[in-house]
Amino acid sequence: MTRIVLAVMGLCLLLPWGAEAAEMSDATAECLECHQSIAPGMVKAWQMSRHAQVSPAQALQKPALERRVSAAGVPEQLLKTTVGCAECHTLNAAKHRDVFEHNGYQVHVLVTPGDCATCHPVEAGQYKENIMSQAYGNLKNNTLYRDLTTSINGVQSMSGDVLTLQPQNELTDADSCYSCHGTRIELEGMQSRDTEMGEMDFPVLSGWPNEGVGRLNPDGTVGSCASCHTMHRFSIEMARKPHTCAQCHSGPDVPAYKVYKVSKHGNVYNSLGGKWDFAAVPWTVGRDFTAPTCAACHVSLVATEEGGVLAERSHQMSDRLSWRIFGLIYAHAYPKSADTSIIRNSAGQPLPTDLNGKAAASYLIDGKEQQKRTAAMQAICLGCHSQSWVAGHWQRFENTIETTNAMTLTATRLMQKAWAAGLARGPEQKDSIFNEAIERKWAEQWLFFANTVRFSSAMLGTDYGAFANGRWYMSKTIMEMDDWLRLHSRKVQKTRKK
């Protein structure tokens, strides 16, 4: 009991806005009795969180623009106590296949978006419409992506003079691509362990641990709020800082963080960000922060000092994105559906464009929707910049999309010549398009270099648009592919003459 009293006293000292500390529930207090010694770091993180300081009832009393919960109401049994261990890990137990009996409670290991939706239903609903929520299926259910994954994660070895590739196992995938995309978490059984409380049973989960953005959860939901709001602090400050996004967006395939760091915005953040208020809701430009982070452009409720709203808070990150600029062979209009595995191009391939760049338009947003999303993003830019500045920036960005697509098309046509000449095996031979050196060079053109140039243009990333995985490498790749093709064509011709 002494520990619980000290914990409550500690929470009172942590309150940032002078409110009276809400009481924790008896069930959560019981959890803390053991877990303060078993997992002190976990408990301390929760004690520092807003969940530990505020009850849903207090949160609902905030003015609409300052409110962090989107529920109109919260179940009575959860309303007046802090949001603690029991409130999250015993919620919706009947829906969780990872639930187990623990000290008289039905506890589940994972806390999912379905649980968080009790207080944050709008955010959970928006997130389901976000491509990141489908990241597991978008990778697993796309034959070309699976092929790329195997070509990277498979184990290469020599069999005599022949290089062979053995498919990777699930642990390798979970440690690489699915670390960000998310794994499928399933209950495999129960395991008995000796503890200070005696022998206890605990669930054995496959695909665990994982906090990937498209994780398939044991309650049937997708995603993990902890991808950005890392447990058990669940901090809005953390989610607003670019280091959090850097976990998965560092490149070279998604070089957003590297580009941001060297951009003018990144320079302002690194120089002055220590004085910004990352916890304020709404987030007021010019007062709380003076240059955007990833969250300002893609997620946060951004306001002016006069109370005007520049951007509504949204966990559907695509509602400010008119172009999809990475991960695919060509930049293209944003997909309509978060489930991109349903897309088929004119050749029946699971791609939003064909290999020559023609868009699978029926699966992508139209020009009117692109304009709407562009205006939503530009509204944030206009909080600091003039209309002419923003218009000029966008003109350069869309020119970059056009030119990088053109350079990718040139590399693709060289690749198609190699396939047609039998110098490499491609789609016509029902073979992988990633398992030969010339194909890897072609893939680097769009997966690394075109992506980097586009991110640099979008985020004012200076040298990344030219030399650091930029246009230099796009032009160099085309020259190398052309040289390779000419060299191997001559070899074939000499062989035929003999």
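**Working through a predicted model**

Trainee: Quick one to start: is Met158 buried or exposed?
Mentor: Met158 counts as exposed, at 52% relative accessibility. Exposed stands for over 50% relative accessible area, buried for under 20% and partly exposed for what lies in between, with a 1.4 Å probe and protein chains only.

Trainee: What should I keep in mind about the model itself?
Mentor: The model is predicted, and local features need pLDDT of at least 70 while side-chain atom pairs count only at pLDDT 80 or more, although totals for chains, interfaces and linings use all residues. Residues are numbered from 1 along each chain as its sequence is written, and side-chain values use heavy atoms, with hydrogens and water left out.

Trainee: Back to Met158, where does it lie?
Mentor: Met158 belongs to strand 3, which covers residues 155-159. Strands here are DSSP runs of E with at least two residues, and helices are runs of H or I with at least four, both numbered from the N terminus.

Trainee: And how many Å separate the C-alpha atoms of Met158 and Met479?
Mentor: Those C-alpha atoms are separated by 30 Å, and the two residues are 321 residues apart along the chain.

Trainee: Changing topic: how many salt bridges are there?
Mentor: The count comes to seven, where a salt bridge is a side-chain nitrogen of Lys or Arg within 4 Å of a carboxyl oxygen of Asp or Glu.

Trainee: Which residue meets Lys441 in one of them?
Mentor: Lys441 pairs with Glu480, at 2.7 Å from N to O.

Trainee: What about Asp288, which residue does it bridge to?
Mentor: Asp288 forms a salt bridge with Arg287, and the closest N and O atoms are 3.7 Å apart. Asp288 is buried, with a relative accessible area of 5%, whereas Arg287 is exposed at 52%. Another of these bridges joins the side chains of Asp431 and Arg425, at 3.9 Å from N to O; Asp431 is partly exposed at 25%, and Arg425 counts as partly exposed at 45%.

Trainee: On to the rings, how many aromatic pairs does a search of the whole structure find?
Mentor: The search finds 17 aromatic pairs. The rings of Phe278 and Trp283 have their centres 5.7 Å apart and their planes at 45 degrees, so that pair is tilted. Rings of Phe, Tyr and Trp (its six-membered ring) pair if their centres lie within 6.5 Å, and planes under 30 degrees apart count as stacked, over 60 as edge-to-face and the rest as tilted.

Trainee: Is Trp283 buried or exposed?
Mentor: Trp283 is buried, with a relative accessible area of 0%, and Phe278 counts as buried at 5%. Ring pairs link Phe278 and Trp283 into a cluster with Tyr260, Tyr269, Trp276 and Phe289.

Trainee: What is the phi of Phe234 near?
Mentor: Phi of Phe234 is near 50 degrees, a positive value in a residue other than glycine. Phe234 lies in the loop between strand 6 and helix 13, and counts as partly exposed at 27% relative accessibility. Thr462, which is not a glycine, has a positive phi of about 45 degrees, lies in the loop between helix 20 (437-459) and helix 21, and is exposed at 57% relative accessible area.
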